[in-house]
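Q: Kindly show me the structure, and let us read its features one at a time.

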Amino acid sequence: MVHGKADSLLGAVYLATSALTSVAPAMNQAMWCHPATLDNIDTLVQRGVDIIGPGDGIQACGDTGPGRMEQPELLIEQLANRFTNGKLQGKKIVITAGPTREPLDPVRYISNHSSGKMGYALTAAAIEAGADVTLITGPVNVAPPSRCKVISISSAEDMLDAAMVEAKDAHIFIATAAVADYKAVSVEAQKIKSTQKTLTLTLEKNPDILSSIASAYQQLFVVGFAAESKDVQAYAQDKLRRKNLDVIIANDISRQDIGFNSDENEVSWIDKNSSTLLSKRNKTQLARDLIEKIATACGSE
Ligand code: PMT
């Protein structure tokens, strides 16, 4: 590459393309450390080539040191970084995702079917847009995107505490989490015995995280989600007003093909003036579309 040799397919493509170029070197540690190699790498860097790695560790030849090809996940991440669209550059976004768990005793809890997919997809899309993202997540089985701050919580109270701290210096707050509306008035210290025929639980309302954040931090652009099983538009509009939000994203969770745990969703974007349907698509694409709309709505573009 440094000498412009086009005697291999790779060399010819490199010379012929004006595309961004990244290199992930893999070689023996002594080869990597040789001044000839390092000079060549310097030349490539000066020409705008992105060098990923190499990693350090045990090598195929038995040596130990720098020269291992970087992990594929890291390659993907660094390549993705090169395509940040910058729509939310300089913005801090706090996103809540997944369910909360409200304990009843040492083994049982109240929760719901949220998988975290919608919130995690929004996190990935916000990172793609160049935002500095904090993800506050309930317990889910999805791996969080890299390149964001992840705060794992369990209960609604924990989520509220984390959100209050993180939203203080944020620009945008997106509440995808399915927060349990109620918790047990008292959590039993010992396992509740299953000898009785019926069991009565006394529940009390959990704090409303979204409302608390919207009223505590007026500078925030606040986006809520509404999970509704009927009269979706009307109930969502009511939440938009009551919770003092800039936008609410309404989804019909009575449908099996969208909403909870599904890979796809169909939502309405509802703000103070209008309602726009975003027809069914996978959550990755939907998240990108929503982040683009959020960037436009909060004047980031
Ligand atoms: O996680 P997935 O499986 O991908 O599913 C995605 C989803 C269906 C969970 C998501 O698209 C969604 O609709 N999230 C909102 C779930 C919800 O709790 O909706 P709600 O209508 O009950 O609450 C309205 C809003 O208030 C939500 O933004 C919620 O985060 C927030 N809220 C609710 C109660 C509470 N105590 N505190 C809150 O902050």
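Q: Where does Asp-231 lie?

A: Helices (H or I, at least four residues) and strands (E, at least two) are DSSP runs, numbered from the N terminus. Asp-231 lies in the loop between S13 (221-228) and H8 (232-242). Its phi is near 45°, a positive value in a residue other than glycine. The model is predicted: local features need pLDDT of at least 70, side-chain atom pairs count only at pLDDT 80 or more, and totals for chains, interfaces and linings use all residues. Residues are numbered from 1 along each chain as its sequence is written, and side-chain values use heavy atoms, with hydrogens and water left out.

Q: Which residues does a cis peptide bond join?

A: Such a bond joins Gly-53 and Pro-54, with omega about 0°. Pro-54 has its place in the loop between strand S2 (50-51) and strand S3 (55-58).

Q: How many residues surround the ligand, and which are the closest?

A: A residue is near a molecule if one of its heavy atoms lies within 4 Å of it. Here 28 residues surround the ligand, the closest being Ser-115, Ala-177, Lys-239, Asn-251 and Asn-261. S13 gives the largest share of this shell, 4 residues. By class, the shell divides into 13 nonpolar, 9 polar and 6 charged residues; Ala, Val, Leu, Ile, Met, Phe, Trp, Tyr, Cys and Pro count as nonpolar, Asp, Glu, Lys and Arg as charged, and the others, Gly among them, as polar.

Q: What is the volume of the largest pocket?

A: Rolling a probe the size of a water molecule over the atoms shows where empty space is left. On a 1 Å grid over the protein atoms alone, a pocket is an open set of points where a 1.4 Å probe fits, with protein on both sides within 12 Å along at least five of seven lines; lining residues have an atom within 4 Å of a point. Grid points are joined across faces, edges and corners, and a volume is the space filled by probe spheres set on the points. The volume of the largest pocket is about 800 Å³. Among its 37 lining residues, Ala-177, Ala-178, Val-179, Phe-225 and Ala-227 are the closest to its centre.
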